[in-house]
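Hi,

Here is the structure I promised to pass on to you.

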Amino acid sequence: MGSEFVMLSLTPILIGILASIACALPGNFLVLRRQALIGDAISHVVLPGIVVAFLLTGTVASLPMMIGAAGAATIAVILIETIKRLGRIEPGAAMGVVFTSMFAGGVLLLEQSDTSSVHLDVEHALMGNLESLVWFAADGWSSLLDPVALAALPPELPRIAAVCALVAGLTYLFWRPLKISTFDEGFAQSMGIPTTAISIGLVIAAAVAAVAAFDAVGSIIVIAMFICPPAAARLMTNRLEVQVGWSTVFAVVSAVLGYVFAGYGPLWLGGQHAVSAAGMIATVSGVILGLACLFGPQRKRVGEAATD
Amino acid sequence: MKETPVKVAAEDGRIVEPPTSDDSPLAVRGLTVSYGDKPAVFSVDTIVPQGSMMAIVGPNGAGKSTLLKAVLGIVKPLSGTVSIFGESLSEAQQRVAYVPQRASVDWDFPTRVIDVVLMGLYRELGLLGWLTNRHRKTARACLERVGMVEFAERQIGQLSGGQQQRVFLARALAQDADLYLLDEPFSGVDAATEKAIIDVLKSLKSQNKTVVCVHHDLATVADYFDRVLLINVQKIAEGPVATTFTAENLQRTYGGRLAATHIDDLQLPAG
């Protein structure tokens, strides 16, 4: 069990956990700012960004992917603003038009281009390929101390670890301005907090997290990782600090249970084949949100306010 | 079409140059703000003397809140200048406290009363400054002044509207400023809150601090404030309440929207 687990399951589980946390952290603020749809938009526009970066560089190295995705996210934000102003339509519709068009463009580009040499095709773009991120060089827990085996870790793992650390570090560093400007933008501006830069920074951080999570869960299911853990966490507490803690816990639980259920669940139920880990992670996070809605200690707060 | 108001405002601002302001708490000259093609505030001048309590009064859509926001740099004016204690806004930012309209935020936000007040200490704390007991004591003292200290640990959504307004005032007190700008602090609050707020504002005035309130209740202007600025996009009148808050000026500010009987009820000095 030990050696097989380390080789086949350890790295996918770690990548799933880190990707979930990296998305859940900015997700807390996106949900509180009622910008959850921006998370959706980002996760979609990341695809054409990645494809264009691949077509230009011919590799799937992290840096060009990140730049491509960040560029696509920036273009999307500009397009959304332009359409909103020129077309005078409501923000939701502008967002919907932009991200579906850019995503569709990404799918077409991907189909037309030769990506056979790398893990970049439509199916992976949609659902991720978490199960394939295995650590062939490992032959047991001792490999964790073996430099040769460690050097052969799937590159996605250090990449997502770096992104997760970056997102966590930025969240910590900018905690106060993020919190103040999310709660009361006018007051934040009156104190000299650059709220526009803060909100663009949040969108870019979310875009970077979305690219890094792309390997694990693809560009569609990542939206569940932005929204479900923070939304469930909101129902557990009335303090933002505690909410972010809960969202991290829910992100980890979703990733671990999702991976395990996808790999072993069908066998327990008498099925033959494992199911998509990304799909199962999103499903578990949705179930957690459902449970929080039913049993979360702060689920009644809106009703209380209404009777006030 | 779009260009016209800008030019007029700039010229207007130069022609109607008010007396020099030196270092008065708030001096606004030729301030014009526009949303789209229509000016919301047009070439407004005002100088607020230190230690005064000024009400900004005018009908809905007269640009009262917009004027405050432009002073605070929240909306960008098309033209005009704002000086605070003789300095620019960015230089004097730590001397200004702002109480936004209560309805402008989501009170379901996951935070407690004490945390909201601590936001007022952001300039002191900075990004990573360690939150100490001294800061918590300051925040509690501010809550004490508005009579909300027993609610310190409550989630803000569990408060009544008046209590929420008092928390906003406590946050402004925590900023320990010299100029307080409040946007409709008495809107939709209970009598106890109204009393608590006016007591705090009067104590600020007694410390020679300056208070500017967007205010909509004409009946209380004379009781609460010593100065008034009447605006309806443009400035109509400005000065001490006793001489400025007259039936004639109100009629000019509100146009036909204020019934004669309403003005009679206010028992104003003869214009």
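**Where the chains meet**

Chain A and chain B bury about 2800 Å² between them, with 60% of that area coming from carbon and sulfur atoms; buried area here is the accessible area (1.4 Å probe) that two parts lose on being put together, summed over both. Please keep in mind that this is a predicted model: local features need pLDDT of at least 70, side-chain atom pairs count only at pLDDT 80 or more, and totals for chains, interfaces and linings use all residues. Residues are numbered from 1 along each chain as its sequence is written, chains are lettered from A and ligands numbered from 1 in the order in which they are written, and side-chain values use heavy atoms, with hydrogens and water left out.

In contact (heavy atoms within 4.5 Å) are 29 residues of chain A and 34 residues of chain B. Three salt bridges cross the interface, each a side-chain nitrogen of Lys or Arg within 4 Å of a carboxyl oxygen of Asp or Glu. One of them joins Arg234(A) to Asp108(B), whose closest N and O atoms are 3.4 Å apart.

**Cysteines**

How many disulfides are there over all chains? The search finds zero, a disulfide being a pair of cysteine sulfur atoms within 2.5 Å. For Cys164(A), the closest cysteine sulfur is in Cys23(A), 9.2 Å away and too far for a bond. Cys164(A) is also buried, at 9% relative accessibility (buried means under 20% relative accessible area, exposed over 50%, partly exposed in between; 1.4 Å probe, protein chains only).

Enjoy exploring!
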